[in-house]
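Dear colleague,

I am passing on the structure we spoke about, and below it you will find my notes on a few places that I looked at. Please read them with the structure open beside you.

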Amino acid sequence: MTKRIIVALVMALSMCGVADLKAQTDLRSLIGGILGTNTAVTLESVAGTWSYDSPAVTFKSDNLLKKAGGAAAATAVEKKLEPYYKTAGLDKMEVTFSPDSTFTMKLGRMSLGGTVEPAAKDSDATMTLCFKLGGKVPMGSMDAYIKRNGKNSIDLTFDVSKLIWIIDKVAAVSGSASAQAMSKILSSYEGITAGFTLRPAAAK
């Protein structure tokens with residue numbers, strides 16, 4: 001039902017050339033609300049510990065037609081990734097965001113952490129995660145895209161190449177062939193971010 005509503009709204013938006021600017025803006029806002037794209041996310045709003053719920057895949061493009069039409073494709077990729085996530089142990093992950101601008105990401109026997117910084121002004125990411133070995137030695141940084149799904153879950157996703165970096169770290173520790181296979185699957189997709197749907201740890 002939601003997909004039908006989105007398609008109808010997108011068609012209406014495409015015919016708004018004769019309407020005034022306010023009407024177009026209101027319609028974009030409504031579509032954004034359905035797609036979950038217009039909710040501001042800050043470090044304070046996601047502070048706490050979150051546990052894995054399922055894979056998450058979103059499209060990077062802001063093109064409304066692509067987002068509406070890509071919902072089924074995103075779901076298909078998520079279903080393809082789910083068994084690999086479980087076999088590789090990613091379904092045990094926990095992410096903690098702290099108000100002091102630090103984070104930890106526990107993936108089975110491996111733990112990554114570092115600091116949280118504001119995303120670059122020209123980026124559509126929510127924030128940048130700066131990974132540090134032992135909390136001190138820089139290991140690289142990556143943009144994080146966070147979307148709220150109501151009060152009880154968030155989507156934490158990354159550019160595919162960055163998620164592969166995390167998966168490769170897991171594979172190096174666990175020797176998981178599933179993690180290696182998952183990297184190959186992800187590398188075949190472009191224009192998406194991929195990661196995890198997370199729920200508050202206390203609710204698990």
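I begin with F196, which at 0% relative accessibility counts as buried (buried means under 20% relative accessible area, exposed over 50% and partly exposed in between, with a 1.4 Å probe and protein chains only). Please keep in mind that this is a predicted model, in which local features need pLDDT of at least 70 and side-chain atom pairs count only at pLDDT 80 or more, while totals for chains, interfaces and linings use all residues. Residues are numbered from 1 along each chain as its sequence is written, and side-chain values use heavy atoms, with hydrogens and water left out.

**Aromatic residues**

A search of the whole structure gives five aromatic pairs, where rings of Phe, Tyr and Trp (its six-membered ring) pair if their centres lie within 6.5 Å, and planes under 30 degrees apart count as stacked, over 60 as edge-to-face and the rest as tilted. In one of these, the ring centres of Y52 and Y85 are 6.0 Å apart with the planes at 50 degrees, so this pair is tilted. Y52 belongs to strand β1 (residues 48-59) and Y85 to helix α4 (residues 64-88), so that the pair links distant parts of the chain, 33 residues apart; helices (H or I, at least four residues) and strands (E, at least two) are DSSP runs numbered from the N terminus. Y52 is buried, with a relative accessible area of 5%, and Y85 is also buried, at 0%.

Y85 forms a tilted pair with F196 as well, at 5.4 Å centre to centre and 50 degrees between the planes. Because Y85 lies in helix α4 and F196 in strand β8 (residues 192-200), this pair ties together parts that are 111 residues apart in sequence. Y52, Y85 and F196 form one aromatic cluster.

**Residue M139**

M139 is found in strand β6 (residues 137-148) and is partly exposed, with a relative accessible area of 27%. Its C-alpha is 9.1 Å in space from that of G114, while M139 and G114 are 25 residues apart in sequence. If neighbours within four places in sequence are left aside, M139 is in contact with L112, F131, K132, L133, W165 and K169, contact meaning heavy atoms within 4.5 Å.
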